[in-house]
Amino acid sequence: MIRKIMSDLEWEAKFGKLGFHIENGKVIVSPEWEQSNIVSFLLPIFIEHKFQVNRNVVTDLVKIFTQIEQQGLDKYIDIKDTELNGGCYCPRFSKANRTKLSRHSWGVPFDLNPTSNQYGTKGAMSPEIIKIFNDNGWCWFGDLEHPDPMHFELAKIVG
Ligand SMILES: [Zn+2]
């Protein structure tokens, strides 16, 4: 399976245009857009925190975290850190490009163990967890030119 990070055009074709405006430099998503795209969901492994997730990736994330749990890899997940500082939905600009919307604004990517996998570092992500995301068609951003090792994102399958 060959995965490719989606271009902005492919992203909008799949997840739609984000309904938002900018207020004091912050990305404010329209309540209508949020209501029709974002759901609160309790994922496997996590105990009481419901993540706000784009409805189109709930099935993927349930599958991924179920596999992580079944393979006993949940020991590599910092549950509290991920609940507090990670997850999917976070309307804002990109860390790499401050004029571009972060894809977290759509509630699609998942940030895992953020404290030990900061943007611009090598991080400490379990290769077995990376493999599970990869096998389900998600890219890991830890090996990019500007690494973001906490970040997993639904990819385009090109072969
Ligand atoms: Zn991220």
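Q: Leaving aside neighbours within four places in sequence, what is Val-27 in contact with?
A: This is a predicted model. In it, Val-27 is in contact with Phe-20, Ile-22, Pro-91, Arg-92, Phe-93, Leu-101 and Ser-105, leaving aside its neighbours within four places in sequence.

Q: Which strand does Val-27 lie in?
A: Strand S3, which covers residues 26-29.

Q: How many residues and how many Å apart are Val-27 and Ala-155?
A: They are 128 residues apart in sequence. In space it is 24 Å, C-alpha to C-alpha.

Q: Let's zoom out. How many helices and strands are there in the chain?
A: Five helices and nine strands. From the N terminus on, the order is β-α-β-β-α-β-β-α-α-β-α-β-β-β.

Q: How compact is the chain for its length?
A: As compact as a globular protein of that length, because its radius of gyration is 15 Å, close to the 15 Å that the globule rule gives for 159 residues. The C-alpha atoms fill a box of roughly 40 × 35 × 30 Å along the principal axes.

Q: What share of the residues is buried?
A: Buried residues make up 30% of the 159.

Q: What about contacts between residues 24 or more positions apart?
A: Those account for 58% of the contacts with a separation of 6 or more.

Q: New topic: the sheet. In what order do S6, S7 and S8 come?
A: The order is S6-S8-S7, in an open sheet with antiparallel pairing. S6 (110-111) and S7 (138-140) are the edge strands, and each pairs on one side only.

Q: How many bridges join S7 to S8?
A: Three, and S8 spans residues 151-154. At one of the positions, Cys-139 has Glu-153 in S8 as its bridge partner.

Q: Which helix packs on that sheet?
A: Helix H5, residues 127-135. H5 touches S7 and S8, and its direction makes about 145 degrees with that of S7.

Q: Now the largest nonpolar core. Which residues touch the most other members?
A: Leu-61, Phe-133 and Phe-152, out of 26 residues in that core.

Q: Which elements give two or more residues to the core?
A: Strand S5 (51-54), helix H3 (58-70), H5, S7 and S8. H3 gives the most, with four residues.

Q: Back to Leu-61: what is it in contact with, leaving aside neighbours within four places in sequence?
A: Leu-61 is in contact with Leu-43, Val-53 and Phe-110.

Methods. Residues are numbered from 1 along each chain as its sequence is written. This is a predicted model: local features need pLDDT of at least 70, side-chain atom pairs count only at pLDDT 80 or more; totals for chains, interfaces and linings use all residues. Two strands pair if DSSP finds at least two bridges between them. Two residues are in contact if their C-beta atoms, placed from the backbone, lie within 7 Å. Axes are lines fitted to C-alpha atoms, for helices over the stretch in contact, and angles run from 0 to 180 degrees between N-to-C directions. A nonpolar core is a set of buried Ala, Val, Leu, Ile, Met, Phe, Trp, Tyr and Cys residues joined through C-beta atoms within 7 Å. A residue is buried if 20 or more other C-beta atoms lie within 10 Å of its own, exposed if 12 or fewer, and partly exposed in between; C-beta atoms are placed from the backbone. The radius of gyration is taken over C-alpha atoms; the globule rule is 2.2 Å times the number of residues to the power 0.38.
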